Amino acid sequence: MTVTITPAHSLEEFLKLPETKPAREYINGEIVQKPMPKGKDSRLQLRLCNSINENTESQKIAYAFPELRCSFGIGSIVPDIAVFKWSRIPFDADGEVPNDFLLHPDWTIEILSPEQSSNRVIGNILYCLQHGCQLGWLIDPADRSILVFRPGQQPELLLGSNHPSVLDDINLELTVDRIFAWLKMSGN
C-alpha cells in the first residue's frame, strides 16, 4: 500500500526534508511514501543494475543507479532503477558522482510490488517520459511481464521470449524469461 502524507508547499520545501527509508516521493504536490522493497523486487533490481553496468560502465556508455532520487520539473521521484547516459551524469569538479540528481533519467525501471498501485507507478514512468526520458519499463513479477514505454508510442506488453527494448548504444541481450529466471536461486 502506498501512503500519502501531508502535502508539502513546494518541491524546494520537500527537498529540504530529511530522507526516509523507504523513500518518499513528491508527486503532484503530495508527498507519497514508497513501499518497502520485497525479496523479488530487490533481487530483480540488483541483477538488472549489475547487468546494465557490466555492459556499459567500462565503455562509459551509461550507468544504472538503484533507488536514486531524481528531481526535475515539479516533482521528485525515486525509481527502482534510474539509468543515465554517461554524458548526462552530472559529475562534480573532482569527477565524482554528485549526491543530487536534478534531472530526469534516460531510462526508468520500476518493479511493481504487491502493495503498489500500478497506475501510480505508471504515472511516475509517464512523468519521466514527459520530461525527456527515452525509455520506461514496468516489471510485474506477479504475471512475469514487462510493460515497455517510449515517448509518443503505445506501451508494449512483453512476455516469455520477447526482448525488451533498451537504450541505444547499450548491448544488452535479455528476454523477459531470462529476467524472471533470476528469481530462482535454489537448486531445486
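**A mixed sheet and the helices packed on it**

In this predicted model, an open sheet is formed by 6 strands in the order β4-β7-β8-β9-β10-β11, with mixed pairing. Strands (E, at least two residues) and helices (H or I, at least four) are DSSP runs, numbered from the N terminus, and two strands pair if DSSP finds at least two bridges between them. At the edges stand β4 (62–66) and β11 (156–158); each has a single partner strand, so one side of each is left without a neighbour in the sheet. On average, neighbouring strands of this sheet are turned by 20° against each other, direction ignored. Axes are lines fitted to C-alpha atoms, for helices over the stretch in contact, and angles run from 0 to 180 degrees between N-to-C directions.

β10 and β11 pair in the antiparallel sense over 3 bridges, and L147 stands opposite L157 in β11. Helix α2 (residues 39–56) packs on the sheet and touches β4, β7 (81–85), β8 and β9, where contact means heavy atoms within 4.5 Å. The direction of α2 makes about 160° with that of β4.

Helix α3 lies across β8, β9 and β10, running at about 170° to β9. Its buried residues (under 20% relative accessible area, 1.4 Å probe, protein chains only) are V121, I122, N124, I125, Y127, C128 and L129. What covers them includes β2 (24–27), β5 (70–72) and β6 (75–77). Just after α3, G132 takes a positive phi of about 115°.

Residues are numbered from 1 along each chain as its sequence is written. Local features need pLDDT of at least 70, side-chain atom pairs count only at pLDDT 80 or more, totals for chains, interfaces and linings use all residues, and side-chain values use heavy atoms, with hydrogens and water left out.

Key:
Buried < 20%, exposed > 50% of the residue type's maximum accessible area, 1.4 Å probe, protein only.
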